[in-house]
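Let's take a walk through this structure, starting with a pair of helices and moving on to some charged contacts. Have the view open as you read.

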Amino acid sequence: MVNSWMYNIVPAGLMIDETLRRAGVTVIPMGVGNTELQVQVMNQLKVTGFVGTTSFFINVINKAEEMGLDIRKDFNLRLAVIGGEMGGGPIRKMVEEKYGIATGDMYATADVGLLAFECNAKNGMHIAEGVILEMISYETGKQVESGEVGEIVVTPIDETYPLIRFGTGDLAGLIAEPCTCGRTSFRITRLLGRVGDAVRTRGMFIHPRQLEPAMAKFPQVAQYQAVVTRPGHRDELTLKVELKTEEGIDKEKLSHDLNQVVSEALRIKVDRVEFVVKGVIPEWHKLIVDERVY
Ligand SMILES: [Zn+2]
């Protein structure tokens, strides 16, 4: 297996190297970069697995095609454990369908190593052994129930590195139902964001990752941004929406539908939906902004 996580400065490369070797895998310590060499190694050594970031894996695939190689015919790649970035889902699907390479996901942090891994059922990541992992609500500070979102808090069972209830700052959902693969450990969903991205509004934390799937249901929307203001003594939530085209759009109905779907996803009522022209929402923007002045 080619390990393309960085071996210097950060611990990722060595951590994964050690984990793989413990599992009996032959590791080729490639690290990041040297894309052409990575392609040659994978091709000539008939490498069966790749582990690294999603974007670097795509670089490697693109380079191989550029060099005239056929991923299905000239490679023996069967598994790509890729991740480390948000929103890799569609890319992984493409890797599986277009190139016939199975993908796997895992969750690790530089501080405590591997914490969760995906099984063949591909429905959440199982919590790894050798660590106590808690999912803590950022609203109540208590354990969340299955199906709820919480911060991942870990206590590694490690004599040489005593660490108790380390808050990772990462948010994920908790899945307590047993998995079809037969493992009985709890699972977590893919990462949903960072604790700091949430904006507390009317006592509830609202998070971009709650907004995103709700807005994905409206293909007519080009850009959007939720803005929290406080004109009086109450937080107001405005959803700014830029349409791809105004042609044939019943704004009143769309406004009503947006309000309903987004209010439900955020669990607090949207006060108004405001249609804005192109340019009002900058190209690079936060999905939720806090403009309250106290
Ligand atoms: Zn499973």
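Start where helix α3 passes helix α5: the crossing is left-handed, meaning that the near helix is turned anticlockwise from the far one by less than a right angle. Helices here are DSSP runs of H or I with at least four residues, strands are E runs of at least two, and both are numbered from the N terminus. The axes of α3 (residues 54-66) and α5 (residues 89-99) come within 11 Å and cross at roughly 35°; these axes are lines fitted to C-alpha atoms over the stretch in contact, with angles running from 0 to 180 degrees between N-to-C directions.

Keep in mind that this is a predicted model, where local features need pLDDT of at least 70 and side-chain atom pairs 80 or more, while totals for chains, interfaces and linings use all residues. Residues are numbered from 1 along each chain as its sequence is written, and side-chain values use heavy atoms, leaving out hydrogens and water.

Now for the salt bridges, where a side-chain nitrogen of Lys or Arg lies within 4 Å of a carboxyl oxygen of Asp or Glu. By that rule there are 18. One of them pairs K63 with E66, at 3.6 Å between the closest N and O atoms. These two sit three residues apart in α3, so about one helical turn separates them.
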